[in-house]
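Subject: The structure, with some notes

Hi there,

Here is the structure I promised to pass on. Please have it open while you read, and my notes follow below.

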Amino acid sequence: MTTHHEILEAALARITTGYVFPERAATIDAAIRRRLAEGAYRGLEVRELCERVTDDLQKACADKHLRLLWTEEPQPMDEEPEDVARARFARYARENNYGIRRVEQLDDNIGYLDLRMIAPADLGGPAIAAAMQLLAPTEALVIDLRQCRGGAPEGVQLWCSYFFADDGVHLNDIYERATDSTRQYWTLGHLAAPRYLDRPVAVLTGDLTFSGGEELAYNLKAQGRATLIGRTTRGGAHPTTRIPVAPHVTVTVPTARSVNPVTGTNWEGVGVEPDLAVAAGEELKAALEHLRTRLVDSRTDLTAEQGRRSSPAASGAAPGRGAG
């Protein structure tokens, strides 16, 4: 049986070699070793150890992706072959409908998308396109991310692309420590369903919205493409690797970081703040009120514009005289 000391040694080694901020790794290492020497973990069950160490990790370094996790089922300690891991995740994504829980047309022709996970683009692309095809006839849209707890950057890129006209929008950058390189994410030029343009979008956020869900909200807010309504999100911006350190224990190590090209920063530790803060349970009601107001204003402006275009002055005809 793996001892607490062995679990912590393995976890700290992974953090030291992989954490995206290497200058903070020494502080993390010292903090956990100090707690170990104090006897803070003595007598704990392994599940309790994970909870206590996670709390101490995040006190030493305010990074919500830095965690020690308990798993009910024992896991192999050897690195899982890539094709096996991919097949397992593909099955999970398929069973969860690629994160798409509901697509619905609400009253006043407002669309509603309940998104629980951001699936990788190569797996979720057809389902994402199907959802956007169903939403295409609506005049406004609510994207509900209150229970969206993460996903893939390429999936975020695909979702975002549907709300911009072309491939000219720079969405996000991700710096990776292992390769010392930065990858840029731009909107995509080709999509399998109609783009959702020139219509208001409201995004619902809450204290469960995390990671990839936060990036989707953050990107749309930073680009001025959506109004965020709800509560501040959890604050996890760093792509993360999961590494088994014992049969029932995994350490999650942030190995990369996001840098938004508009803000120059990200939402790590602070969360994504809504444009309109409302109490839990009131988010959808507030979003629908906001969108209906936008639609009324838009229809009023359209009617006024049509009236101007049809007036005699606009047409060039002299007052009181018909065409000869």
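In which sense do strand E1 (residues 67-70) and E10 pair, and over how many bridges? They pair in the antiparallel sense, over 4 bridges. Two strands count as paired if DSSP finds at least two bridges between them. Helices (H or I, at least four residues) and strands (E, at least two) are DSSP runs, numbered from the N terminus.

Before I go on, a word about the source. This is a predicted model, in which local features need pLDDT of at least 70 and side-chain atom pairs count only at pLDDT 80 or more, while totals for chains, interfaces and linings use all residues. Residues are numbered from 1 along each chain as its sequence is written, and side-chain values use heavy atoms, with hydrogens and water left out.

The whole protein

The protein has 9 helices and 12 strands. Its C-alpha trace spans about 100 × 35 × 35 Å along the principal axes. Of the 324 residues, 45% are buried; buried means under 20% relative accessible area, exposed over 50%, and partly exposed in between (1.4 Å probe, protein chains only). The accessible surface comes to about 16500 Å², and 50% of that belongs to carbon and sulfur atoms. These areas come from the Shrake-Rupley method with a 1.4 Å probe, and for residues only the protein chains shown count as cover. Among the contacts with a separation of 6 or more, 76% are between residues 24 or more positions apart; a contact means heavy atoms within 4.5 Å.

Strand E9 (residues 240-246) is joined to E10 by 6 bridges and runs antiparallel to it, with Thr241 opposite Val253. E9 and E10 form a hairpin with 2 residues between them.

The sheet of six strands

An open sheet with mixed pairing is formed by 6 strands in the order E2-E3-E4-E7-E8-E12. Strand E2 (100-106) and strand E12 (276-277) stand at the edges with a single partner strand each, so one side of each has no neighbour in the sheet. Strand E7 (residues 201-205) and strand E8 (residues 227-230) pair in the parallel sense over 4 bridges, and Leu204 stands opposite Ile229 in E8. Helix H7 (residues 212-222) packs on this sheet, touching strand E3 (110-115), strand E4 (140-144), E7 and E8, and its direction makes about 140° with that of E7. Axes here are lines fitted to C-alpha atoms, for helices over the stretch in contact, and angles run from 0 to 180 degrees between N-to-C directions. E8 is covered on both faces: Thr227 and Ile229 on one side, and Leu228 and Gly230 on the other, are all buried.

The sheet of three strands

Another open sheet has 3 strands in the order E6-E5-E11, with antiparallel pairing. At its edges stand E6 (181-186) and E11 (256-259), each with a single partner strand, so one side of each is left without a neighbour in the sheet. Neighbouring strands of this sheet are turned by 25° against each other on average, direction ignored. Strand E5 (residues 170-176) pairs with E6 over 6 bridges, and His170 stands opposite Trp186 in E6. Helix H6 (residues 153-161) lies across E5 and E6, running at about 25° to E6.

Two single residues

Gly39 sits in the loop between helix H2 (22-37) and helix H3 (46-60). Is Gly39 buried or exposed? Gly39 counts as buried because its relative accessibility is 18%. Gly39 and Ala10 are 29 residues apart in sequence and 18 Å apart in space, C-alpha to C-alpha. Asp55 is found in helix H3 and, at 37% relative accessibility, counts as partly exposed. The C-alpha atoms of Asp55 and Thr17, which are 38 residues apart along the chain, are separated by 21 Å.
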